[in-house]
Amino acid sequence: MAQRPRPIPETDRRWSEGRLADRAYSRIVEIINEDDLRVGDRLPAESRLAEMFGMSRTIIREALVRLAADGITEARRGAGSYVMRRPSERLGAHMPLSDLSATLGTYEVRFVLEAEASRLAAMRRSSEQLAAIEGALQGLRRALLSDAPAHDEDWELHHAIVMATANTAFVSAFEHLHDEVMRILKAGVDISRSRPPDAIEAMMREHEMVVEAIRAQDADGAALAMRWHLSQGRKRLMP
């Protein structure tokens, strides 16, 4: 007697759907770039995208939700989805388009993880940890104001802040994001340096605001400053 096929576990099914949504996300970005859609242009309808990609409308809808969360598109009730921002063409030098959804998705984790880490760092940091944070800030300033790569220094500052939580779970979670975060840091510095000097100055000031709040032991201010820095960082990846 033939065995009946085992049902696909719910976790495996959701993982598969998530990967399909990543592919749909990338394909939609390709349409924006290759069809030279501008800000305010309307994307093809969900049904048309599903037909083009050979995917369900549920998968297309999930991809559009992610694109909206990343500030690339905007859904308008009864009118479809519209282009809000175009990812910088320089992003392609730092990550394949197929990885764009997953890499930008780390911002959602970082908003929670690093904002709370900054809050705890302001409350718990020792004098030695504050010195490490301020030293990392100085290293980042030197790198940003030169032509040298600055992503390692950027990572060191964020890592020093997480270390000051005195909670190894925060450190492990942050270090787990290392590869995705480093891609973003490299791309952010590269894109900012292609723009007027005030882009780098703004990046530096955002970091200073976080450190100033930690120095003053202003927990809420540190969390808010970190969220602001991360939100601005995500915007910098767009033209």
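Reader: Is arginine 236 buried or exposed?
Author: In this predicted model, arginine 236 has a relative accessible area of 11%. The limit for a buried residue is under 20%. Because 11% falls under that limit, arginine 236 is buried.

Reader: With which residues is arginine 236 in contact, leaving aside neighbours within four places in sequence?
Author: Arginine 236 is found in helix 10. Once the neighbours within four places in sequence are left aside, its contacts are Ile191, Ser192, Arg195, Met203, Glu206 and His229.

Reader: How many cavities of 30 Å³ or more are there, and how much space lies in the largest cavity?
Author: The count of cavities of 30 Å³ or more comes to one. The space in the largest cavity is about 130 Å³.

Reader: Which helices each supply at least two residues of the lining of the largest cavity?
Author: The lining of the largest cavity has 13 residues, and those nearest its centre are Tyr107, Asp154, Leu185, His229 and Gly233. At least two lining residues each come from helix 4 (100–124), helix 6 (151–163), helix 8 (178–193) and helix 10 (219–236).

Reader: How many residues of the lining of the largest cavity are charged?
Author: The lining divides into nonpolar, polar and charged residues. Six are nonpolar and four are polar, and the charged ones number three.

Reader: Is tyrosine 107 buried or exposed?
Author: Tyrosine 107 lies in helix 4, and it is among the residues nearest the centre of the largest cavity. Its relative accessibility is 3%. A residue under 20% counts as buried, so tyrosine 107 is buried.

Reader: How many Å apart in space are tyrosine 107 and aspartate 70, C-alpha to C-alpha?
Author: Apart from residues up to four places away in sequence, tyrosine 107 touches Ile184, Leu230, Gly233, Arg234 and Leu237. Aspartate 70 is 37 residues from tyrosine 107 in sequence. In space, C-alpha to C-alpha, the two are apart by 8.7 Å.

Reader: Which helices do the buried residues of helix 8 pack against?
Author: Helix 8 has 16 residues and reaches 22 Å from first C-alpha to last, close to the 22 Å expected. Its buried residues include Ile184, Leu185, Ile191 and Ser192. They pack against helix 4, helix 5 (127–144), helix 6, helix 9 (198–215) and helix 10.

Reader: In which sense do strand 1 and strand 2 pair?
Author: Strand 1 covers residues 73–76 and strand 2 covers residues 80–83. Threonine 73 stands opposite valine 83 in strand 2. The two strands are joined by four bridges, and the sense of their pairing is antiparallel.

Reader: Which glycine in the turn of the hairpin has a positive phi?
Author: Three residues lie between strand 1 and strand 2 in the hairpin. The turn holds a positive phi of about 75°, and the residue with this value is glycine 78.

Reader: What is the relative accessible area of aspartate 36?
Author: Aspartate 36 is not a glycine, yet its phi is positive, about 55°. Its place is in the loop between helix 1 (10–34) and helix 2 (46–53). Aspartate 36 is partly exposed, with a relative accessible area of 45%.

Reader: Is alanine 166 buried or exposed?
Author: Alanine 166 also has a positive phi without being a glycine, at about 60°. It is found in the loop between helix 6 and helix 7 (168–176). Its relative accessibility is 61%, and the cut-off is over 50%, so alanine 166 counts as exposed.

Notes. Residues numbered from 1 in each chain as written. Predicted model: local features only at pLDDT ≥ 70, side-chain atom pairs only at ≥ 80, totals over all residues. Heavy atoms only, no water. 1 Å grid on protein atoms, 1.4 Å probe; cavity = no way out; pocket = protein on both sides within 12 Å on 5 of 7 lines; lining within 4 Å. Points joined across faces, edges and corners; volume = space filled by probe spheres on them. Nonpolar A, V, L, I, M, F, W, Y, C, P; charged D, E, K, R; others polar. Buried < 20%, exposed > 50% of the residue type's maximum accessible area, 1.4 Å probe, protein only. Contact = heavy atoms within 4.5 Å. Expected span 1.5 Å × (residues − 1). Pairing = 2+ DSSP bridges.
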